[in-house]
Amino acid sequence: MSEEVKWNKTISDVNDGILSNLGKPHPMFYAAWIASIICVIIGASTWAWEISVGIGITGKTSPVYWGVLITDFVFWVGIGHAGTLISAILFLFRAKWRNTVNRSAEAMTVFAVITAGLFPLIHVGRLWLALYWFPPLPNTNNIWPNFRSPLVWDLFAISTYLTISLLFWYMGLVPDLASIRDRVKGLKRLVYGVMCFGWRGTAKQWHHYEAGYGFLAALATPLVLSVHSIVSWDFAMSIQPGWHTTIFPPYFVAGAILSGCAMVYTLLIPVRKMFRMEEFIRPEHLEACIKLTLLTSTIVFYAYAVEFFVAWYSGNAYEWGVFEKRAIGPYAFYFWVMVFCNCIFPMIWWSKAMRNNVAVSLVVAVLINVGMWFERYNIIVSSLAEDFLPGSWGHFQPTWGDIGLTVGSFGWFSFWFLIFCRFFPIVSMSELKLIMPKPLSKKH
Amino acid sequence: MATVSKSFSHLARLIMLMALLFQSGCGRGQKFWTNWWTPGDTVDNVGYHPDQPIEFPHNIHVQKLQMNCEYCHSAARRSSSAGIPPLNTCMGCHQYAQTDKEAIQYLNSKWKAKEPVVWTKVHDLPDFVRFTHRPHVQKGVDCSECHGDVSQMTTVSQAKSMQMGWCIECHQANQAPISCVTCHY
Amino acid sequence: MRSIDSDLRGLEDQREVFVTNDQPFESPAKEFVPGPLYKNIEEVIPELAESQEIQDASAAKKLPVDRRDFMRLFSVSAALASTACVYRPVEKAVPYVEQPKDFVPGVANYYATTIDRVGVVVKTREGRPVFVEGNPEHPLSQGSPSIMAMSELQALFHPDRRVAPQIQYGTNRRGDANWDEVYDRLGVRLKDAKKVGFLVKGTTGHGVQFYKDFLKNIGQSEDNLYLYETNGIYNAISEAHRLAFGIDGIPRTDMRRTKLILGVGAEFLDEGVAPIFEQKSWSVGHTFRNGAKGRFVQFESRLTLTGGKADERHVIGPGDELAVTLAVVDSLLKRSEAKGTAAEKANIRAVVDAQRSLIDSTKQRLKLSDDLLNKLAGELLSRKSLVQVGESGAISPNGTLVQLAGIMANVLVGAYAERLQFFDQGWFKSPGRAGDIARFLNEGKTYDVLFVVNVDPAFTMPASSGIADILKGRSIISMQSMPCATDTYAEFALNTHNPLEAWGDEELVAGFWSLQQPTVRPVANSRQPEDILLWAAAKMGKPMGFEDYRSYLRDKWKLVYKESGINKDFETFFKAIQRKGFFVSQLSKRDMPAFGTVAERFQPLPLKSGMRLIAHLDSKLRDGYGADRPVLQEAGDGLTTITWDTWVAINPNKARELGVKYNDLVVVKGPGGSFEASIYPLPGLHYDTVAVPRGRGQKQGLSRITDGVGVDPLVALVAEVDPLSGDPVTSGQTVEIIKTGRRYRLAAMQKHNDIANRRDIMPVYPLAVAVANVRKEKDLDDVPDLYPSLAPKEGDLRSPNSYLFPDWKASTEYRWGMSIDLERCTGCGACTVACDLENNVPQIGREQVLIGREMHWIRVDRYFSGPVDNPEVSYQPVPCQHCNHAPCEAVCPVYATTHDQEGLNVQTYNRCVGTRYCANACPYKIRRFNWFTHKWNVMGDRPIDRNPRALNPDVTVRTRGIMEKCTLCVQRIREGKHNAKQQGRLVFDGEIRTACQVACPSDAITFGNLLDPNSRVAKNRKDYRAYLLLNGKPELGEYGLKTLPNVNYIAKVLHDGSEGIAAGDGHDRSGAPGPAGGHP
Amino acid sequence: MKRRPGGVLAVYRYLDQLTDAMKKIKGRSDFDDHEVFSPTSYHEIEEAADYPPSPVRYFTLAGALTGTITGFTLALWIDYDWPLVVGGKLAGLYSLPAYFIVGFELTILFGGLMTILGMLVMGRLPNPKQRILDPRFTDDRFGIFVPNATLDGEQANLLKQCGAEEIRLIESV
């Protein structure tokens, strides 16, 4: 990040370069979009099947009452972490490189959290009841939700996070929407004009905007850290071995950032290609993203190690039983996939050449996503499958229902993300201009 | 100016829609804020007064004849359900009394055919609610506290909402148990 | 169950009402008369009012909960659409026309009757049986029903019960008929018949006499009656006693006073002579009580529930029971202190000497050392001992000789002299008759007309016995309460009453009569078999002079009445019997003659070599009688936990040797045929043992429950009978196990079989430790509070360390708790069955069990430990532990599971949204989730319309998406509390019994009020061996998970070789059993 | 409706020229109500304009405090409305640690919402009455609009001196 970016563009090229590409994406875009629609159809029909028949179409059983769906939920919430992290925390740290990737990262956050939010509803099977009884709504029964349940915390955390991420994302979009408004005619102009609230770009507006953006970033920072902590409490608050550990909140947050950054990278590469953004999303920015990923990967590695150490050091047979089985038991495959994808493969990024090799880095980033999915799967399934009483032990086998819903969630996410890319600037133009050479009459 | 008036008319339309929705949520037996949001007992059924095979005059039996509720609903003290009297209870008197009335003739025909009279339930709790009359009657809760003043009715209409909140209010006020298992198991 | 007296008061009047309203005999009803119409039935099943036929599947079988879900959605959307007021669905209330006397709607009535040779009390609501409880006063059931008796509920309302008799018209046409036609045609058929025979389910009651009378009446020989009892042990014991002493009958055993039981293939905890009675006696006499514990040594060839409870277990080969018993007899004979007269000893010695080579070769083969046998003989002779022999639920050609050898051993250990086995206070009557089956198989073809009543010979007899030929050539009248294989051969397939609808009686013990009476109006247009015969006799012009079987029974009971010399009139007597359910007049007395000469009859058949099949009775389905009851299929086997399937159990080491694994499909090829089933490597089997349960593999199309379930192992056998008892042989024939290379998964409920070194789950106490601490108490509730400042103040009614709910309105009257004695638990699974039936727990079928979604609220964990060839077996029934610091409660987002003031952890079904978080948080994993709408009418992979009338109206039926779990039978608690409150008192100890407690034949489960210091459960909780599952050792300051359950366990006691020292203080108090004397 | 007066719009290409102009016109009464346009938020502009601290922070504070209070009140009130014991934990203040989550989340939520509101209110957004003076201000050009000025006035001169690329008269806004 210390290296100076070699810009061969000026701020005058920004709007042209970014907006002109919105309307004519690469054919790859349409292929991806159709693929995502097919996935959504698969997911939606699986969901319809589930609603009409019962949650039993998934592989969940006793004792593994949570399975792939909650894995998906945690995975998507985790993905949803990078956006606000990059936007808010790196904003506060004044990391310049974030200005090129923050928009797509935020969009990713919003859609990932929306996707994640679907899973609890899918997961309960009878979503209409959950919708009524989770939030503290007035009712004729005089009964309220239980604020001592981590799931209610989750409801508050996720919905707050979604709202704040959405606001943050949209707030960043406002000046850019004004840019689009100023380039288009007719109805489009009206639509974009309404969407940007009639942003004019006066110094005063920028003044309040900056202040608001700063406060929002300051609010979002603890929020980012809290959300995945709260998600981790879904597990850590129960006394299940493998779940009941104090390391979970930081471990989950690190994991979330790892998966989020990897996902940002995974998304940026094709999107950059589809919308010809190579000039603005420079290799230096991608490399910075990779460095952050690498950092979190080492944190996650550490967390895995500590988890095992504590389980062993505790001398608790139940705790160690779960971890032992994770590593060498029936779920060992998932465990080692997770270790290799999240901890071992990213190590090649210590080499600068590898960091800058897009193909290799993309593969590693995708592998990290796979690994992070398996991490959640591991935590959920292997802890539940064999816990305290051997007589209650069981096994989990994902079914087509699980797979369909997971595929659907990826489709649903990509569908919205691609729509976003098609109609909104995927690079924050106003913020990009800030990190480009300033338009000065006298060259210093 | 046109835009302004347009936005006004838009606003007015919005308000009208809201009012319509509000009104619908405030229909008979519906409280806007509470009933709108809850599943299940959206409508509290107060005033529900279904047609019955015969117009049984509770008022005459209670007021004029001074009959006790438990004379006919004899199971209330001993059982979860109060019980609807079997036909032989009716026929005990009506073999002789008022035999010229149309309703009594109906009863008589049923009695002869050994067919039961099929009544329509008025107070119908969901099946997951395990209400029992027994402790309430033994505690001395008057029938009318839940069923309204039946002595003024012919066939019964529902007087109280019989929603959970209504139960809970009374239980809380009387230090009756309010753990969930009191009614749900 | 509530106090019997108050419930049964005036019952006889009610019975009269019942009888007079029953279908009159003179004019058989044209139509099926529906059960009593009352609004409560209707509340539960709205369809009932309309659909009167049991089979009416066309009516939408949606249960209320689901409909309400729909209405909820609908009403919400309707409200949003601002339509007019939406009312809830309209339901009808239908009162009686004439309400029976003593009937209060919503209040249960109890009827005492006898089912499955067990005295039971049937709880009925609005005229429907809803639960079968044991009759606490009945000496043989002592309050526990048998599994089979409980599950009769499902048979009664079974969807595959026929609702009309079937007649075969000519060769091709077969159709439903009405009863008039049946009587007419039956009369004609009987008139024409030259020889009429009866094959009748074994009974000890007046039924035998009735059939004899009937045969006599139509001019046939009484010998044409054959009693058929599949459990060979009755005939074997009875015949052995006839050979030994010249008296038939089965001696009563007194296991309460026995200090040492030597079992050789003993099966008294599986399917013994009187299983409930024997389990009760065993649990009293042989579990750790008052500082002493009986000893039980078992030799057996397959692992049985009985062997699982043995303190010392030796593995022998299939069929070695005879030689091993003789070896024991031999060792006993060698000792001077052996009991028995010189003559008896000489008789016995003659047998032993004749079998010397057999004994020696077996001892050598099994590596049974003389030391072991001598030590055993010494032990047997030094204390009150009993030898129980059997063949692990199967019948071998030497079955009777095994019993004979057992008698010899008992004579020598003095069991008869000590009155541990006796005939002088009644004796068990054998429901079968020795030789009947062999006779039937020989003579069967000589009959024109053969009645088959309530037995299914076509399925339960091996095909090689030629049963099909016997049934094919004749006019068969099959009278069955459920469709069975025999029906397919029948000219008349008549649907008869379920035991819950029928009259009958049993003389279980000579001089002890139990009455069977209807508890419900017939639900499926069925008839009592005896009534059919009476009417047919009348049709053929030879009336027997009885209106119906009830009057016949009354007539016979007049004899009992006369004998008893009661000074009340007969009507009073009979009404009292109906109320009580049984009658003990004068227990018949017999003097024990000396052991006779048996040597010439003692001709054992040689054993086969190689791997031998043991086709044993299934512990749940028996011979297949229970196979069409989903609850029994789903309850699974106690040892393998396999549901809905037949398995081939072989020793795991043998399996490795053969190269087969768990779930490998193999062909078991026997001399008579072969069958395919999957391997279950079961520890503790002899290497030559191939144990396959019977009862499954029924003919297709009989019942949707049995279709496609398992295989029948009997097809592998060639025809052979025990020459002495005449029972068809089901074990001991050589089979070959051939790999198929295919796999077929067995739906075993338990996936992990050992305890994974987690001894704290099931601590055991060596006997010496248990004895030393027998008077010590511990307070499991003495747990320091996290917030000491919140603890109750001085003078509070609760104990100062009560953590229950400091500062909260916890009840000061009740805190419900349960105690489960692992020392007594035999793993029989009766608790699971009872719970399923009481709490409307759905059965879900094989596919779902394979995934692991069985719904049992109480599961019985079975752990093997120790060597594979001879493991130690431990059981642990796990219901909801009702933790006071319940991990499940805090995590529920919608308060669907909360804590009751009385310590219950309660689940509110209608509030549950199905996050399943509670189930994850539960360390015991006892919560069950409705993955689908299993309900009553859809059962997993079997779309079956079960009858909603078989549901318990006191328990909500759960729809999909709802978590459920053990409630400690809160409906029973409520009932008990209301009753107590009405009388202005607290519930007294034992007044409320949970379903599992009722069903537990060994009284391992205690339920009651923990706040009452004198209650049994509170005392059990203070027992030195008591512990809370996963809650560490509070006495050492380790609190484990600190979930603080209200359910506690009592640890097992192991004989550690110190049993000689065990006879310490507290021993032999009040006749308590315990090892007597010093160790030899 | 009252129209706002027209004025002079100067368009700048370079940031330093703009800040130069801004510094020069700062505090001058004839430049009252002038507006500066920028495609992005350069710190140089803020420094040159030297605005007082944005009052958006009060909005944030008010929102955050409301959120905290709402969160705790909601949870506690609901608990006392029907105190149910779960997991051996008493309802109400005994379970306070659990309610910090709700309190925290609502703090953030309300704070965030109020921040946005504050930004909109203080930035006079949305305001359909205001006209877009030049589309290039959201692209790469800077501008200063001085109301009530004319093309040949002193204000225009000053702006031009600072290097304005273009000076236009805006009739009325």
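This is a guided tour of selected places in the structure, chain by chain.

The model is predicted: local features need pLDDT of at least 70, side-chain atom pairs count only at pLDDT 80 or more, and totals for chains, interfaces and linings use all residues. Residues are numbered from 1 along each chain as its sequence is written, chains are lettered from A and ligands numbered from 1 in the order in which they are written, and side-chain values use heavy atoms, with hydrogens and water left out.

**Chain B**

Select chain B to begin. Chain B contains 9 helices and 1 strand, where helices (H or I, at least four residues) and strands (E, at least two) are DSSP runs numbered from the N terminus. Along the sequence, the order of these elements is α-α-α-α-α-α-β-α-α-α. Of the 185 residues in chain B, 41% are buried; buried means under 20% relative accessible area, exposed means over 50%, and partly exposed lies in between (1.4 Å probe, protein chains only). A contact requires heavy atoms within 4.5 Å. Among contacts in chain B between residues at least 6 apart in sequence, 61% join residues at least 24 apart.

**Chain D: two helices**

Next, select residues 56-81 and 96-122 of chain D, which form helices α3 and α4. Their axes come within 6 Å and cross at roughly 150°; axes are lines fitted to C-alpha atoms, for helices over the stretch in contact, and angles run from 0 to 180 degrees between N-to-C directions. The helices α3(D) and α4(D) are therefore roughly antiparallel, a term for angles over 145 degrees. The residues of the contact between α3(D) and α4(D) comprise 16 nonpolar, 12 polar and 1 charged. Here Ala, Val, Leu, Ile, Met, Phe, Trp, Tyr, Cys and Pro count as nonpolar, Asp, Glu, Lys and Arg as charged, and the others, Gly among them, as polar.

Now select K438(A) and E44(D), whose side chains meet in a salt bridge at 2.9 Å, N to O. A salt bridge is a side-chain nitrogen of Lys or Arg within 4 Å of a carboxyl oxygen of Asp or Glu. K438(A) lies in the segment after α16 (429-435) of chain A and E44(D) in helix α2 (residues 43-49) of chain D, so the pair joins two chains. K438(A) is partly exposed at 37% relative accessibility, and E44(D) is partly exposed at 25%. Elsewhere in chain A, select E287(A), K291(A), K352(A) and R355(A), which are linked in a network of salt bridges. Over all chains, the count of salt bridges comes to 83.

**Chain C**

Move to E443(C) and R439(C), a salt bridge with its closest N and O atoms 3.8 Å apart. These residues are 4 apart in helix α16 (residues 436-443) of chain C, and so are separated by about one helical turn. E991(C) and R985(C) form another salt bridge, at 2.8 Å, N to O. In this pair E991(C) is buried at 9% relative accessible area, whereas R985(C) is partly exposed at 26%.

Then select N235(C), in helix α8 (residues 233-245) of chain C. N235(C) is buried, with 2% relative accessibility. Leaving aside neighbours within four places in sequence, N235(C) is in contact with S430(C), G432(C), R433(C), A434(C), S725(C) and D727(C).

Finish at helix α25 (residues 830-838) of chain C, where 9 of the 9 residues are buried. Just after α25(C), N840(C) takes a positive phi of about 55°.

Notes
Parallel < 35°, antiparallel > 145°, perpendicular 65-115°, else oblique.
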